[in-house]
Amino acid sequence: MILLVDYLVNSSKRVFIFQLYIVYLGERRHEDPDLVTASHHDLLSSLLGSKEEAMNSIVYSYRHGFSGFAAMLTESLADQIAGF
């Protein structure tokens with residue numbers, strides 16, 4: 001699902017378009033909501049290269065009924081996450 005929230009980042013003559021993506025990860029693997037959120041940060045950190053970037057990217061963590069998050073991502077990053 002893509003919401004109509006976009007922003008552009010111009011870096012080294014390349015333009016990156018970030019959109020809000022909702023990533024559904026299925027059932028929670030932890031009962032503790034803080035551990036669920038930490039797992040979201042870990043997943044994004046592995047792709048973005050740092051926990052700080054992951055934390056800045058995530059807009060919301062779904063951590064009670066299921067596991068997932070909403071984050072500002074490029075289409076390429078969203079495709080990589082879909083491959084997990």
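User: What pattern does the chain follow, read along the sequence?
Analyst: The pattern is β-β-α-α-β-β-α. The model is a predicted one. Its secondary structure comes to three helices and four strands. The accessible surface of the chain is about 5,700 Å², and 54% of that belongs to carbon and sulfur atoms. Of the 84 residues, 33% count as buried.

User: What makes Gly68 count as buried?
Analyst: Buried requires a relative accessible area under 20%. Gly68 has 0% relative accessibility, so Gly68 counts as buried. Gly68 has its place in strand β4. Neighbours within four places in sequence aside, Gly68 is in contact with Val23, Tyr24, Leu25, His40, Tyr60, Ser61 and Tyr62. Val23 is 45 residues from Gly68 in sequence, yet the two C-alpha atoms are 5.3 Å apart.

User: How many residues of β4 are buried, and which of them point one way and which the other?
Analyst: Strand β4 covers residues 67–73, and seven of its seven residues are buried. Ser67, Phe69, Ala71 and Leu73 point one way, while Gly68, Ala70 and Met72 point the other way. In a regular strand the side chains alternate between the two faces of the sheet.

User: What makes β2 and β4 a pair?
Analyst: The rule asks for at least two bridges between two strands. Strand β2 (residues 14–26) and β4 have seven bridges, in the antiparallel sense, so by the rule they pair. Strand β3 (residues 58–62) also runs antiparallel to β4, with four bridges joining the two. A hairpin of four residues joins β3 to β4.

User: Which residues touch the most other members of the largest nonpolar core?
Analyst: The core has 13 residues, and those touching the most other members are Leu44, Phe69, Ala71, Leu73 and Ile81. The elements giving two or more residues to this core are β2, α1 (33–48), β4 and α3 (75–82). In soluble globular proteins, nonpolar side chains tend to be buried together.

User: What is Leu44 in contact with, leaving aside its neighbours within four places in sequence?
Analyst: Leu44 is in contact with Gly49, Ala54, Ser57, Ile58, Phe69, Ala71, Leu73 and Ile81. For the chain as a whole, 53% of the contacts between residues at least 6 apart in sequence join residues at least 24 apart.

User: How do you know that the buried residues of α3 line one face of the helix?
Analyst: The buried residues of α3 are Leu77, Ala78 and Ile81. Seen down the axis of α3, they fall within an arc of 100°, so they line one face. The face turned away from that side carries the exposed residues Glu75 and Ala82. The cover over the buried residues of α3 includes β2, α1 and β4.

User: Why is Thr74 called buried?
Analyst: Its relative accessible area is 11%, and the cut-off for buried is under 20%, so Thr74 is buried. Thr74 is found in the loop between β4 and α3. Beyond neighbours within four places in sequence, Thr74 is in contact with Phe16, Ile17, Phe18 and Tyr21.

User: Why is Tyr62 called partly exposed?
Analyst: Tyr62 has a relative accessible area of 25%, so the term applies. Tyr62 is found in strand β3. Not counting residues up to four places away in sequence, Tyr62 touches Ile22, Val36, His40, Ser67, Gly68, Phe69 and Ala70.

User: How many aromatic pairs are there, and what makes the pair of Tyr24 and Phe66 tilted?
Analyst: There are three aromatic pairs. One of them is Tyr24 and Phe66, at 5.4 Å centre to centre with 50° between the planes. Tyr24 is in strand β2 and Phe66 in the loop between β3 and β4, 42 residues apart. Tyr24 is exposed at 59% relative accessible area, whereas Phe66 is partly exposed at 31%.

User: What is the angle between the planes of Tyr60 and Tyr62?
Analyst: The planes are 70° apart, with 4.8 Å centre to centre. An angle over 60 degrees counts as edge-to-face, so Tyr60 and Tyr62 form an edge-to-face pair. Tyr60 is partly exposed, at 47%. Tyr24, Tyr60, Tyr62 and Phe66 form one aromatic cluster.

Notes: Residues are numbered from 1 along each chain as its sequence is written. This is a predicted model: local features need pLDDT of at least 70, side-chain atom pairs count only at pLDDT 80 or more; totals for chains, interfaces and linings use all residues. Side-chain values use heavy atoms; hydrogens and water are left out. Buried means under 20% relative accessible area, exposed over 50%, partly exposed in between (1.4 Å probe, protein chains only). A nonpolar core is a set of buried Ala, Val, Leu, Ile, Met, Phe, Trp, Tyr and Cys residues joined through side-chain atoms within 4.5 Å. Contact means heavy atoms within 4.5 Å. Accessible areas come from the Shrake-Rupley method with a 1.4 Å probe; for residues, only the protein chains shown count as cover. The arc is that of the directions from the helix axis to the C-beta atoms. Rings of Phe, Tyr and Trp (its six-membered ring) pair if their centres lie within 6.5 Å; planes under 30 degrees apart count as stacked, over 60 as edge-to-face and the rest as tilted.
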